[in-house]
Amino acid sequence: MGNKFVVADPARCIGCKTCMAACLMKHDVAGDVADARLRVTQTYDVSAPVACHHCVDAPCAAACPTGALYEDPTHGRVAVREESCIGCRSCVMACPFGAVHVDVRSEAVRMGNLFVGTRSKAMVVKCDLCVDREGGPACIEACPTKGLTLMDDAGLERLAAARRESAVQA
Amino acid sequence: MCSIPGMENAGCVFLFGYNPSASHPIVARRIVRAKEKGAKIIVADPRHIETARIADLYLPIKNGCNIAFLNALANCIVNDGYADKDFIEAHTNGYEQWWETIKKYTPESVQDITGISPADMHRAAEMYATAEPSAIIGYGMGVCQQRQNLKTVHTLAAVACVAGQIGKPNSGLAPVRGQNNVQGSCDMGCLPNMFPGYQKVTDPAMREKFAKAWGVPVEKLSDHEGYKLTDMVHLANEGTLHCFYNYGEDPVQTEPDSQGTIEALKKLDLFICEDIFMTQTTMYADVILPGTSWGEHEGVFTASDRTFQHFNAAVPPKGECRHDWQIISDLSTRMGYPMHYDNTKQIWDEMRQLCPNFYGATYEKMEGTGHCEWPIPTLEHQGTADLFPGGHFNKPDGRAVLIAHDWEHPTEMPDEEYPLVLCTVREVGHYSCRSMTGNCKALSLLADEPGYVHMNPADARARGIRDGEIVRIWSRRGSVYSRADVSDRINKGAVYMTYQWWIGRCNSLTLHAVDDVSHTPEDKFSACQMERVADQQWAERHVAQEYADLKARLAKEASAQDVEPAVAFSASQEPDRILV
Amino acid sequence: MEKHDVVCPYCGAGCKFNLLVQDGRVVGTEPLKGVTNDGELCLKGMSGYDFINDTKILTPRLLHPMIRRHKGDPLERVSWDEALDFTAKRMQAIIDAYGPDAIMTTGSSRGGGNEVNYVMQKFTRACIGTNSVDNCART
């Protein structure tokens, strides 16, 4: 089975960023990074949120030297192993969609109860398809124009069938 | 004059000076649906706004051209043969006089002002006037916050009448409101010329009616119109106004020329603020009365389309906060005019009795997702989605008066020193003065200070500005820092700042010029200049520091509330003191 | 989890939704099938609720009445009785000296609601005796 990804219909996008707010809120929990995994991107004619495509042959995962990004066939996605991220940002450079970024924050270093300093901790921030969320991706549910869908093999096949049909009619 | 859901069913939606995606996303959604149902979409806006992308016809008008544009549109509607002669004949007055002005405005004659080619103007006239079954003109602050605002509304109304696109379902004008309850505070008579329900304060019969209902001698009710909020600054400066009781507004942030507003507030003998937050306005108050927040009280709001809806309280009041109606009633009682209500329903029912158009809007009808769109004159009435049904207007003879005006240029035209037009707009993820949304985590994380100044790539390039850099923008009133957002959706020669930012505060720059009648400030047009800040690292530190300082100042002012009032000695305490 | 239906305070569209309350704090929202929003919300309606909980992200909530006894004094927390008596006395003195048109009040076009606006204009007209009550319709 191939991977799934969140895809936007630019004809329905109104650039309102509700998807971004929903994504951010979903990840606003301890141990996670409160940031939007998809970015509403606007050119002169097009508005649409851009998120990770969960590529089957993912360049981000291929570029990652520590295996922090890896193929997760169970959920049909490219997943993140937070503890392995070293903040080298090779994934950011490799991603053709600009859909991966690395969050760096400082965390306290303690010895028992003693505070002995801070160190920087990096974490890959990208779409995780909200696999731990009941009801699926928060962005899809929140979009007020219902312009987002979770694309999977069946969806791609439907799309291809429709394209073939219009090709025949053309 | 149609409902928001009704927009979906029009044959044409014409957006004029209104960017629904940023100010009302849920209305924008209706326009997307209208498009999917086959409606033609026309967008006239200097910026290539979201809706322009799905428009059948996008008209990139120049800033400040409104009446010239609409007059030329009206000219095309008539000259191209799209005027609805039957409607004009049956339902309007003043056509000949109106045409005397309009006939001068050929699209060619005003092309330099509007920036619109005659061909596009003709297309717009056809698309709008011939739309079946109806066309709606949605307009917003791009009409209202201009020098000729009221005149523009007259012109829009005349366009709708002449094209026969009014007085039937899903037609006419759909004015949208900036704040959530502007319609409501106007409905309730928070207007210097109107009692609740749009009943004139200068009408002796109305004075009589309200005096009787409120139990005061008729002489107690002033027989002349009051002052407008936008007059506050000059009235305070000239010493006419001594006390300003500001309830739930933040004029320092939201009115033009912030510094001028602050100086005026300082001149007052007594400045009272009833609010939920310490704001840049509240911090100058002599009296601070803490009200309850939305979420802590119930009541009714009126949506832009005249729909009354009830909202509940979710959590109890915090600290010593009291409901605003309790505070005001208590104060009134102490000043010798006793007012007492047990709950908001009592207030609402008193109001309904006095306002014939609202009488049928009971709390019962508004339970749950219930709603009442006024006029709703009787208890049995179901509300009114479209005003002026059958072309009957609220004039004594039921006919609309067609009014035309000549275009005048904005007050402060760009010049060599200030070559750019500054236009103030809305941030999609923030609201009004930002005291509410700025205290919400997700919304603050998505967009924060120093805000953004949106500009065309050519204007950025000419100044060496790159996207995301801090720039300085200044006008004859002041100077602020903000972050550049460079986009080809923005027209050349103009910059756009959202009025939510406290550091990148556009109202430090705007001109305080108001129109003669409505006294609405010309927020959409001031002259300014901008430059790249050479030392970007310094600029980033500087805006961060300014922001931290402002927050600290507000927190410090508010911290007085953490110190409990000194307790006066009471009889029971005296013996203890003696014993000790 | 308690649910209380409200109308969004962030624009004139008038979207209806539930505020979700847990342990006296607003913790989330849930769209309702209101006449304009039909089960949808934008980002402000969906996530604009936590200011009620006094997050102090931008500026603190006001929780107690405060006055400046004289112009330029620091703010001082006082009881409601003292705050309202102080205000009543000062306003009355201004009316006595300069007449009711020396006072201007505002309704609020934001979170307060129609009932408060009705009470404010009634107070302005019937108690103070002026028509100088306005709202931010012009901005």
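Start where chains C and A meet: 6 residues of chain C and 8 residues of chain A make the contact, where two residues count as touching if their C-beta atoms, placed from the backbone, lie within 7 Å. On chain C's side you'll find 4 nonpolar, 1 polar and 1 charged residues. Here Ala, Val, Leu, Ile, Met, Phe, Trp, Tyr, Cys and Pro count as nonpolar, Asp, Glu, Lys and Arg as charged, and the others, Gly among them, as polar.

A quick word on the ground rules: this is a predicted model, so local features need pLDDT of at least 70, side-chain atom pairs need 80 or more, and totals for chains, interfaces and linings use all residues. Residues are numbered from 1 along each chain as its sequence is written, while chains are lettered from A and ligands numbered from 1 in the order in which they are written.

Helix α17 of chain B (residues 344-354) packs against helix α3 of chain C (residues 114-128) at about 65°, their axes 9 Å apart. Helices are DSSP runs of H or I, at least four residues, numbered from the N terminus; axes are lines fitted to C-alpha atoms over the stretch in contact, with angles from 0 to 180 degrees between N-to-C directions. B:Trp348 and C:Tyr118 are among the residues making this contact.

Finally, look at helix α1 of chain A, residues 18-26: 9 of its 9 residues are buried, meaning 20 or more other C-beta atoms lie within 10 Å of their own. Among them are A:Cys19 and A:Leu24. Over in chain B, B:Leu73 touches B:Met121 and B:Val159, among others.

Key
A residue is buried if 20 or more other C-beta atoms lie within 10 Å of its own, exposed if 12 or fewer, and partly exposed in between; C-beta atoms are placed from the backbone. Helices (H or I, at least four residues) and strands (E, at least two) are DSSP runs, numbered from the N terminus. Lists of a residue's contacts leave out its neighbours within four places in sequence.
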